[in-house]
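User: Hi! I'm new to protein structures and would like to learn how to read a ligand site and a nonpolar core. Could you walk me through an example?

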Amino acid sequence: MEKIILVTGGAGFIGSHLVRRFVNRYPDYSIVNLDKLTYAGNLLNLKDIEQKKNYSFIKGDITDSAFIDELFGRYCFDAVIHLAAESHVDRSIDGPMPFINTNITGTVNLLNAARSRWTGIQEDKLFLHISTDEVYGSLGDRGLFTEETAYDPRSPYSASKASSDHMVMAWHHTYKLPVIISNCSNNYGPNQFPEKLIPLVINNIRANRNIPVYGKGENIRDWIYVEDHAAAIDVIFHKGKTGETYNVGGNNEWRNIDLVKLICTITDKKLGRKPGSSEKLITFVKDRAGHDLRYAIDNSKITGKLGWKPSVSFEKGLEKTVNWYLENDRWMQGVLTGDYKSYYRKQYLDR
Ligand code: NAD
Ligand code: TYD
């Protein structure tokens with residue numbers, strides 16, 4: 001069936017994998033990728049599909065309500081898959097306002113535009129909001145986040161995402177907007193901006209630079225390969241039930257320090273370095289303020305009801321990821337310019 005789908009944030013990490021998947025798998029869908037191209041957005045991420053007939057890119061800001069309204073008037077979108085966001089916890093600690101503006105106000109602008117354009121024709125429309133497991137707060141040693149876990153966000157990033165989730169559900173209950181929310185665990189893979197742990201570690205090993213591990217490295221994250229997340233969004237988009245939320249996770253918990261050591265081992269091997277040489281770069285640094293101890297997802301709802309499950313083992317996924325960063329020097333050098341240098345200095349060197 002033909003559809004016009006607005007994907008927001010499609011030039012970022014997860015968004016670019018999602019756009020590629022939809023453009024290649026669904027030639028009847030027209031994918032309109034709206035992205036502001038902040039420091040995290042990068043059109044190189046989609047170089048391979050930019051000429052496809054069912055793909056178009058629009059540069060724009062979701063916080064600009066007049067522009068969003070005009071865009072919804074220009075295209076009769078059948079669906080929105082909303083990924084655009086400020087996404088990095090450390091940046092949210094340093095400066096929360098862009099998170100409030102983009103993640104909350106930007107989301108409400110999209111909800112308002114969808115509501116006004118879809119009035120009376122809501123059947124077969126869908127607003128799919130991509131969110132995070134961080135809205136649930138921090139787990140102790142045991143337990144998993146389910147769709148029933150109470151929201152308890154603890155960083156400006158997670159609070160802004162939790163707020164946007166509440167807005168999405170409010171538009172559903174109050175205005176009957178057809179919405180679904182997915183809450184996913186930590187993604188890894190190609191094209192992730194190297195401010196996040198895994199690409200930062202690979203890049204620092206390559207450059208023989210210290211590997212900063214916050215606190216004692218005991219915090220735990222549940223990692224999922226980005227293409228598995230894109231596949232989950234695909235399944236939720238096509239089979240999910242309106243008004244529901246779905247947790248997405250890899251059943252793959254790692255303590256940060258163990259993960260960093262594993263990346264050292266894989267990367268040393270790829271670079272032909274002596275085993276153990278990169279572990280010497282590990283440096284324990286001041287902990288992140290309010291650092292959540294553990295995230296872990298119970299994904300039984302999506303696996304049981306929609307038939308999705310993660311397909312990439314961590315061993316394979318990490319190896320592919322390390323290879324990608326080492327082999328894509330042009331991409332890496334492109335993002336290691338102005339903004340990254342000043343961010344890195346402020347975050348790690350001037351403290
Ligand atoms: P990212 O930072 O790599 O990409 C975000 C994209 O949004 C960028 O291309 C950026 O240019 C764009 N953007 C930012 N502000 C915008 C604005 N005002 N208007 C238009 N575009 C704007 O983020 P990501 O890691 O790909 O995450 C995508 C989504 O998935 C986010 O909503 C995030 O909260 C969610 N999520 C991420 C993870 C993760 O591990 N990365 C896990 C779960 C959920
Ligand atoms: P990150 O990739 O920023 O994702 P999130 O905070 O959304 O989980 O961080 C993953 C984990 O790695 C988190 O516990 C913080 C930790 N971390 C470090 O120890 N050092 C670093 O330099 C970074 C960026 C993260």
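User: How many residues surround ligand 1, and which are the closest?

Analyst: Start by listing the neighbours of the ligand. In this predicted model, 28 residues surround ligand 1, and the closest are Ile14, Asp35, Ser87, Tyr157 and Lys161. By type, the shell divides into twelve nonpolar, twelve polar and four charged residues.

User: Which atom of ligand 1 does a polar side-chain atom of Lys161 lie close to, and at what distance?

Analyst: For a polar contact, look for N or O atoms within 3.5 Å of each other. Here, a polar side-chain atom of Lys161 is 2.7 Å from an oxygen atom of ligand 1. The side chain of Asp61 has an N or O atom 2.9 Å from a nitrogen atom of the ligand. Gly12 uses its backbone instead: an N or O atom there lies 3.1 Å from a ligand oxygen atom.

User: How much of ligand 1 does the protein bury?

Analyst: Compare the ligand alone with the ligand in place. Alone, ligand 1 exposes 840 Å², and the protein buries 97% of that.

User: Which element gives the largest share of the shell?

Analyst: That is β5, with three residues. The elements giving two or more are α1 (13–25), β5 (126–132), α5 (156–175) and β7 (186–188).

User: Now the core: which residues touch the most other members?

Analyst: The largest nonpolar core has 33 residues, and Ile5, Phe22, Ile81, Leu128 and Phe237 touch the most other members. Helix α7 (residues 226–239) gives the most to this core, seven residues. A second, separate core of 32 residues includes Val213, Ile263, Cys264 and Leu318.

Note on methods. Residues numbered from 1 in each chain as written. Chains lettered and ligands numbered in written order. Predicted model: local features only at pLDDT ≥ 70, side-chain atom pairs only at ≥ 80, totals over all residues. Heavy atoms only, no water. Near = heavy atom within 4 Å. Polar contact = N/O pair within 3.5 Å; in protein donor to acceptor, adjacent residues only side chain to side chain. Areas by Shrake-Rupley, 256 points an atom, 1.4 Å probe, with all protein chains shown as cover. Helix = DSSP H or I, 4+ residues; strand = E, 2+ residues; numbered from the N terminus. Nonpolar A, V, L, I, M, F, W, Y, C, P; charged D, E, K, R; others polar. Core = buried A, V, L, I, M, F, W, Y, C linked by side-chain atoms within 4.5 Å. Buried < 20%, exposed > 50% of the residue type's maximum accessible area, 1.4 Å probe, protein only.
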